[in-house]
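Subject: Structure for you to look at

Dear colleague,

Here is the structure I said I would pass on. My notes on it follow below.

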Amino acid sequence: MTRKETIEVRDADTPSPEPGEVLVRVRACGVCGTDLHYYHGVFPSAPNVPPGHEYAGEIAELGQGVEGCEVGQRVAVEPLRNCRECVSCRTGKYHLCSKRVLLGAMAPGAFAEYVTVPAYGLYPLPDGLDFELGALAEPLAVAVHGLHIAGLSIGERVLVMGSGAIGLLTVLAARSAGAGEVVATYRHEHQGRAAEATGAARVVKADDVGGEKGYDVVVETIGGNAPTLGQALSAVRSGGRISVLGVFSQTAEINALALMLKEVTMVGGITYCRPGRRSDFDVALGILASEPALARALITHRFPLEKAAEAFATAADKGTKSLKVQVAP
């Protein structure tokens, strides 16, 4: 990105992996809502840093000291660089490392033919899972993380606020986790249809969410300047949980008295981690392997790298009925 709503594709030298890194030949990379915040100038972007953090590809070169993987191996990438030494890193909460860097935001991302990444962020793609599905592992891991921090239990009722890509993947993740009922809100008709196709038991227009009550878990995926935190607090049951995944562009207001009187737990979610033996990424890849058709249906537009500008414009325009736009370098 060179300036607001401007994408340029330039020739660049192929990077060389440092010790502990690998060079990945990118085969598919998704346009994320966070990428669009940078695109629209809502958040400042690092100059001359290619975006892109939802990706899969194959290993092209190993850096010094890298073991356990090989050239040609197909991988999805968890795009976090961290210190690997602090308490957060050593307890599986590496997403909270004070030295955390999101690749594709403050370090080069995957809207490129090649990108270097830490070897510890690689996840082998299961047999039968192609690159475009592998590139969905990152946003799906965000959804999985949002549910695990809310402590979703089998049989619970879930309201997913928003049917963009993260919302739809949260519907898929909640179904896979054994939710008893999953309801999704939507703004645009194509989003509502997609939520039903992904497995929502019922869909509700965003303007009608005030009538929704008694949910065990509410997952907010909209952010921006929407009044969704107050709506989530109204929809959740007393003693319930709210997981906030939407990226807000301004300070959001909430009724603190209602939060207290209902004794609701509200928790913000950022990226993904390893809460136990399996990481959020492991779980996401398992869901993709078991539900490939439902996941693939969310990829509505595909572009070659030389048309990255068109890809971003398509993702930014809901009139295109886009859900997930991917670029294949």
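A residue is called buried when its relative accessible area is under 20%, exposed when it is over 50%, and partly exposed in between. R302, at 46% relative accessibility, is therefore partly exposed. Please keep in mind that this is a predicted model.

Salt bridges

The count of salt bridges comes to 13. Side chains of opposite charge can pair when their charged atoms come close. R302 pairs with E132, with the closest N and O atoms 2.8 Å apart. Since E132 is in helix 3 and R302 is in strand 14 (residues 299-304), this pair ties together parts that are 170 residues apart in sequence.

E132 also forms a salt bridge with R296, where the closest N and O atoms are 2.7 Å apart. R296 belongs to helix 10 (residues 292-296) and E132 to helix 3, so this pair connects parts 164 residues apart in sequence. E132 has 17% relative accessibility and so counts as buried, while R296, at 28%, counts as partly exposed. Together with D130, the residues E132, R296 and R302 are linked in a network of salt bridges.

Another salt bridge joins E181 and R157, the closest N and O atoms being 2.8 Å apart. E181 is in strand 9 and R157 in strand 8, 24 residues apart. Both ends are partly exposed: E181 has a relative accessible area of 22%, and R157 has 26% relative accessibility.

In soluble globular proteins, nonpolar side chains tend to be buried together. The largest nonpolar core here has 50 residues, and L140, L285 and L288 have the most contacts inside it. Among the elements that give two or more residues to this core are helix 3 (131-134), helix 5 (165-176), strand 11 (215-220) and helix 9 (280-290). Helix 4 gives the most, with seven residues. Another core, of 29 residues, lies apart from this one and includes V26, L36, V77 and L103.

As for L288, residues up to four places away in sequence aside, its contacts are L129, L133, L136, A137, L140 and A295.

Two buried residues with polar side chains

T198 lies in helix 6 (residues 189-198) and, at 2% relative accessibility, counts as buried. A polar atom of the T198 side chain is 2.7 Å from the backbone oxygen of A194. Beyond its neighbours within four places in sequence, T198 is in contact with L168, V171, L172, R175, L294 and L298.

E21 is in strand 1 (residues 21-30) and is buried, with a relative accessible area of 11%. Its side chain makes a polar contact of 3.3 Å with the side chain of R81. A polar atom of the E21 side chain also lies 2.8 Å from the backbone nitrogen of E18. Not counting residues up to four places away in sequence, E21 touches several others, including S16, L62, V66 and T116.

On the surface

Which residues make the nonpolar surface patch of about 360 Å²? They are L257, M260 and L261. M260 is in helix 8 (residues 256-261) and, at 56% relative accessibility, counts as exposed.

Best regards

Definitions and conventions
Residues are numbered from 1 along each chain as its sequence is written. This is a predicted model: local features need pLDDT of at least 70, side-chain atom pairs count only at pLDDT 80 or more; totals for chains, interfaces and linings use all residues. Side-chain values use heavy atoms; hydrogens and water are left out. Patches are made of residues with over 30% relative accessible area and no salt bridge: like charges are joined within 9 Å, nonpolar side chains (Val, Leu, Ile, Met, Phe, Trp, Tyr) within 5 Å. Accessible areas come from the Shrake-Rupley method with a 1.4 Å probe; for residues, only the protein chains shown count as cover. A salt bridge is a side-chain nitrogen of Lys or Arg within 4 Å of a carboxyl oxygen of Asp or Glu. Helices (H or I, at least four residues) and strands (E, at least two) are DSSP runs, numbered from the N terminus. Buried means under 20% relative accessible area, exposed over 50%, partly exposed in between (1.4 Å probe, protein chains only). A polar contact is a pair of N or O atoms within 3.5 Å; within protein, one must be able to donate a hydrogen and the other to accept it, and residues adjacent in sequence count only if both atoms are side-chain atoms. Contact means heavy atoms within 4.5 Å. A nonpolar core is a set of buried Ala, Val, Leu, Ile, Met, Phe, Trp, Tyr and Cys residues joined through side-chain atoms within 4.5 Å.
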